[in-house]
Amino acid sequence: MLEVKSNLPSHQNPVPSLPHETEPMGENDNKTKKNLLSLLTEPIQWIQSLSSQLNPTFVIGVFIIYGIGQGFSGSLFKVVSDYYWKDVQKIQPSTVQLYVGFYFIPWVLKPLWGILTDAFPVRGYRRRPYFIISGVIGAISAAVVAFAGNLAAVAALMCFLGVSASLAIADVTIDACIARNSIEMRKLAPDLQSLCGFCSGAGALVGYLASGFFVHRLGTQESLGLMALSPALTIVLGFVIYENRTSASHIEKQISQAVESVGMKIRSMYQTMLYPHVWKPSLYMFLALTLNVTTHEGHFYWYTDPKAGPAFSQEFVGVIYAIGAVASLIGVLIYHKALKDYQFRDLVFYAQLLYGISGVLDLIFILRWNLVIGIPDYFFVVLEESATRITSKIRWMPMMVLSTQLCPLGIEGTFFALLMCIDSIGALFSKWGGGMLLRVLHITRTDFTNLWLAVLIRDMLRFATLALVFLVPKTDQYEELLPSEVSGKNTSEKVHEEETLELVPIHGKTEV
């Protein structure tokens with residue numbers, strides 16, 4: 001073999017570069033940085049895109065009502081009120097479960113709030129005044145329960161009803177705007193529900209993380225005062241959100257026609273509800289919620305019991321729910337990124353199946369089988385909460401999109417409120433059904449012997465719900481479900497010119 005030597009000095013010997021060995025590393029680093037940067041900037045760009053197509057104050061309103069209201073205040077209310085009934089009022093879990101059911105009464109009345117916002121403008125505005133009214137009710141209720149000592153259980157329940165009513169009125173007002181925007185720009189309907197889900201999940205994360213800390217540091221009753229934050233911001237929103245004002249010459253005419261308008265809207269809702277594509281999914285949502293009996297209060301008392309349960313601290317209870325809020329965000333993200341193009345029925349079926357399977361983890365935890373296989377309580381409860389929240393969010397997101405698609409123009413606020421009322425009645429029966437189940441099985445503040453049986457019955461009902469999925473339409477999520485004569489007939493009834501939160505023109509932006 002001949003050896004070829006170079007005449008160049010050793011330090012000048014050419015060493016060919018190997019791009020395939022060096023450049024890919026740099027390219028990979030650049031790709032990683034770009035992916036991380038995209039991950040951080042994509043949500044901002046998405047919100048900017050929504051704001052460019054919709055009024056920016058509408059997006060701010062969604063953030064306040066869903067993020068700070070239902071998210072932060074709702075999660076804080078859930079944890080702090082549980083400790084309030086347990087430690088301050090010292091009430092049995094089955095009774096608390098029945099009390100919690102009363103919180104849903106203002107949500108059952110959502111059609112009434114919807115009719116008020118659609119048919120009874122105040123000084124030419126349909127939405128702004130009701131944001132302000134909502135905020136006043138919530139702020140007063142939160143202040144009374146927080147700073148009035150030795151309240152009777154009934155008085156405290158009335159204050160909690162006031163807080164719940166504040167959230168419900170604000171919710172139906174912003175939902176009317178969401179429903180109309182979803183109808184006007186159907187391609188944005190899933191994005192609007194994703195925005196609501198992200199805001200609610202992020203707010204709940206902060207609320208749950210802070211709730212245990214506030215209960216521990218401030219005390220249970222004093223922590224309830226923080227629930228006044230959301231109503232205060234809702235009052236501000238009522239003054240700043242953009243809304244077309246009806247001219248003064250039309251106000252008297254509107255008032256004189258209000259009763260007639262209410263009758264018209266009720267007839268329109270009745271006629272719309274007769275269509276199979278409307279009443280069938282509505283019936284499914286109601287039954288799915290009703291059969292999903294909740295045993296939450298029994299779980300909460302068991303979580304914090306030092307003898308029968310794992311004796312979780314106040315801070316860790318908040319952490320559990322905070323992790324659940326993160327899981328809800330993950331569920332929204334999964335839906336937003338991967339599931340928007342699936343048909344309603346297929347998506348709901350598999351999501352409900354996974355939701356039933358996730359309930360089995362709860363049963364394993366109550367029976368303490370996790371300790372038998374060597375999984376600590378602190379880890380297993382996080383696993384169980386995450387699985388339940390993710391599957392719960394994925395199964396419900398398409399139903400919310402479907403609800404917005406079922407609303408005819410002109411009565412979208414009232415009709416969406418009607419659909420949410422049906423859901424609230426189902427949730428009310430779910431709470432009361434769970435309370436009755438806890439009472440029948442004699443689950444008390446100190447006796448949790450039959451808690452596993454309550455959870456087993458609940459899980460069996462979740463699987464039974466799969467038999468009802470045929471009520472959900474087998475259509476794509478972007479398809480228009482209502483016949484053209486229904487979806488368009490209400491727009492001609494002098495409603496369009498009086499509508500509320502405007503969509504931003506496609507080629508322009510509304511000044512705020």
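**Note on an all-residue predicted model**

1. The protein has 21 helices and 0 strands; helices (H or I, at least four residues) and strands (E, at least two) are DSSP runs numbered from the N terminus. This is a predicted model, in which local features need pLDDT of at least 70, side-chain atom pairs count only at pLDDT 80 or more, and totals for chains, interfaces and linings use all residues. Residues are numbered from 1 along each chain as its sequence is written, and side-chain values use heavy atoms, without hydrogens and water.

2. Of the 512 residues in the protein, 55% are buried (under 20% relative accessible area, with exposed over 50% and partly exposed in between; 1.4 Å probe, protein chains only).

3. The largest nonpolar core has 52 residues, and Trp-85, Phe-160, Leu-224, Met-227 and Phe-312 touch the most other members. Such a core is a set of buried Ala, Val, Leu, Ile, Met, Phe, Trp, Tyr and Cys residues joined through side-chain atoms within 4.5 Å. Helix α2 (residues 56-88) gives the most to this core, with 8 residues. A second, separate core of 39 residues includes Val-278 and Ile-411.

4. Beyond four places in sequence, Met-227 is in contact (heavy atoms within 4.5 Å) with residues including Ser-73, Phe-77 and Phe-160.

5. Thr-234 lies in helix α10 (residues 229-240). Thr-234 counts as buried because its relative accessibility is 3%. Its side chain reaches the backbone oxygen of Ser-230 at 2.9 Å. Not counting residues up to four places away in sequence, Thr-234 touches Ile-64, Ile-65, Phe-131, Ser-134, Gly-135 and Ala-170.

Methods: Polar contact = N/O pair within 3.5 Å; in protein donor to acceptor, adjacent residues only side chain to side chain.
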